[in-house]
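Student: Please take one part of this model and look at it closely. I would like a connected account, with the cut-offs for each term.

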Amino acid sequence: MEGERRTRLALLGLGLCLAAPFAYYATMGVPVLLRTGAICWVLLAAGLLAGGVAARGDRRLGLRLLAGVDAAIALLWTVGFFGLASLPAPKGAERLETAPEFSLPDAAGRTVSLADARASGPVLLVFFRGVW
Amino acid sequence: MGRDLGLGFTLLSDGERRVVREYGLLHPGASPEGGDIAIPANFLVDRQGAIRWRHVARRIQDRVDPSTVLAEIGRLP
């Protein structure tokens, strides 16, 4: 492969790796993509491959540095995705057999109780972490 | 907020994390401001109060697919 094409391939690889986190954030509304990060892994893999192929057998330091940057982005993302994002083991949530009763205010200030809600049918309780 | 977002379900406020604690879902100091917030979770509760199905997140990105929830609701007697 000629040098100029290698350079272009290396830059493409870097672009793909840089785009991966943005692609993840842009597709967070789709639960399966939020959970698995599928799009960003595909982009990272393609970027690493492009960067690796461009740098392989090329003596230019720049291409190797770019491949190193690709690898660093992928490593940071992996650590963040699996390591920093891990949650503490829930204290008892897995073992509850009956739902503890509660009463809480809704947005209009009316008190809503679980007992009242389930009297009219099954209830899906969703605990939100924040607005996301 | 529920109205602004057009939500078709009741949004309750657990400002003191009392229910979050009772359900064993407290994640201390995890909000951007350092406050206590909830581990994301879903519980399907039947008329008698029994938990028929649950999903508790293990990573902050871990969310159950709506289709899974609907399938579990469909399996209720």
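Tutor: A:Phe127 has B:Ala41 as its bridge partner in strand 3 of chain B. In that strand, A:Val123 is partnered by B:Val45. These belong to an antiparallel pairing of strand 3 of chain A (residues 123-127) with strand 3 of chain B, over five bridges. Strands are DSSP runs (E, at least two residues) and helices are runs of H or I, at least four, numbered from the N terminus; two strands pair if DSSP finds at least two bridges between them.

This is a predicted model: local features need pLDDT of at least 70, side-chain atom pairs need 80 or more, and totals for chains, interfaces and linings use all residues. Residues are numbered from 1 along each chain as written, chains are lettered from A and ligands numbered from 1 in written order, and side-chain values use heavy atoms, without hydrogens or water.

Strand 3 of chain B also pairs with strand 4 of chain B (residues 51-56), antiparallel, over five bridges. Here B:Leu44 has B:Trp53 as its partner.

Buried means under 20% relative accessible area, exposed over 50%, partly exposed in between (1.4 Å probe, protein chains only). Five of the five residues are buried, so strand 3 of chain B is largely enclosed by the rest of the structure.
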